[in-house]
Amino acid sequence: MTSEDRRAVAATLRGSRVVLRPVAARDRARLREILAEPEVARWWGPGPVDGSVDELYDESVVAFAIEVEGQVVGAVQYAEDDDPDYRHAGIDVFLSAAAQGRGLGRDAVRTLARYLLDVRGHHRLTIDPSAANERAIRAYGAVGFRPVGVMRQYERGHDGTWHDGLLMDLLAGELREEQVEPEP
């Protein structure tokens, strides 16, 4: 199945707090705003914001706008390796600064992971946050991703220097459902 076919059949996915729907042309301006926020740009890469937005519409990925109460607060995307001997999918995600720290990223990643495992039939998923992004690492760990190893000097930061990345993966059967806090 080509990436265009995947994009065409990509459904709207519903998490407990977020809705993931395929990115549309109308989302470009809002996604650009979010990627330009210093707290987001810090982790998303050194290139121009427009290039990062364009990547969300590239045929090699399937991207979803993350909505909360009808408002776009970020995006999550996946790319697949369909080689039968190495088949897996990788996930990337970003949220506006105002949406961070509320469990929305965990919900978006969990929702997409469930789709990739149950519908797309993957047995393994990867995600690769900056090794210094402790908040993201905790969020992915709460979903069930485990550290695999540090990729030294993996990505260039906005300061022009190379930074380490943390490779994390999740196998089918390791996805953790949301923990609901008991009422006091």
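Helix 2 (residues 28–36) packs against helix 4 (residues 49–56) at an angle of about 130 degrees, and their axes lie 9 Å apart. That angle makes helix 2 oblique to helix 4. The model is predicted, with a mean pLDDT of 89 for the chain.

**Helix 2 and helix 4**

- The crossing of these two helices, helix 2 and helix 4, is right-handed.
- On the helix 2 side, the contact is made by Arg28, Leu31, Arg32, Leu35 and Ala36.
- Helix 4 contributes Val49, Asp50, Ser52, Val53, Asp54 and Leu56 to the contact with helix 2.
- Sorted by class, the residues in the contact of helix 2 with helix 4 are six nonpolar, one polar and four charged.

**Helix 5 and helix 6**

- Helix 5 (residues 104–118) and helix 6 (residues 134–143) pack with their axes 9 Å apart, at an angle of about 45 degrees.
- Helix 5 is therefore oblique to helix 6, an angle of 35 degrees being the limit under which a pair counts as roughly parallel.
- The crossing of helix 5 and helix 6 is right-handed.
- Arg106, Val109 and Arg110 of helix 5 meet Ala139, Tyr140, Ala142 and Val143 of helix 6.
- By class, this contact of helix 5 with helix 6 has five nonpolar and two charged residues, and no polar ones.

**Histidine 88**

- Histidine 88 belongs to strand 5, which covers residues 88–95.
- A polar atom of the histidine 88 side chain lies 2.8 Å from the backbone oxygen of tyrosine 86.
- Leaving aside residues up to four places away in sequence, histidine 88 touches Ala79, Glu80, Asp81, His122, Arg124 and Thr126.
- Of these partners of histidine 88, Arg124 and Thr126 have numbers that fall within strand 6 (residues 124–127).

**Confidence**

- In the chain, 90% of the residues reach a pLDDT of 70 or more.
- Strand 6 (residues 124–127) has the highest mean pLDDT among the elements of the chain, at 98.
- Helix 1 (residues 3–9) has the lowest mean pLDDT among the elements, at 48.
- Over residues 1–8, pLDDT stays under 50.
- For residues 1–8 the model has 20 contacts beyond four places in sequence.
- Where pLDDT is low, predicted coordinates should not be read in detail.

Notes:
Residues numbered from 1 in each chain as written. Predicted model: local features only at pLDDT ≥ 70, side-chain atom pairs only at ≥ 80, totals over all residues. Heavy atoms only, no water. Axes fitted to C-alpha atoms, helices over the stretch in contact; angles between N-to-C directions. Helix = DSSP H or I, 4+ residues; strand = E, 2+ residues; numbered from the N terminus. Parallel < 35°, antiparallel > 145°, perpendicular 65-115°, else oblique. Left-handed = near helix turned anticlockwise from the far one by under 90°. Contact = heavy atoms within 4.5 Å. Nonpolar A, V, L, I, M, F, W, Y, C, P; charged D, E, K, R; others polar. pLDDT = per-residue confidence, 0-100. Polar contact = N/O pair within 3.5 Å; in protein donor to acceptor, adjacent residues only side chain to side chain.
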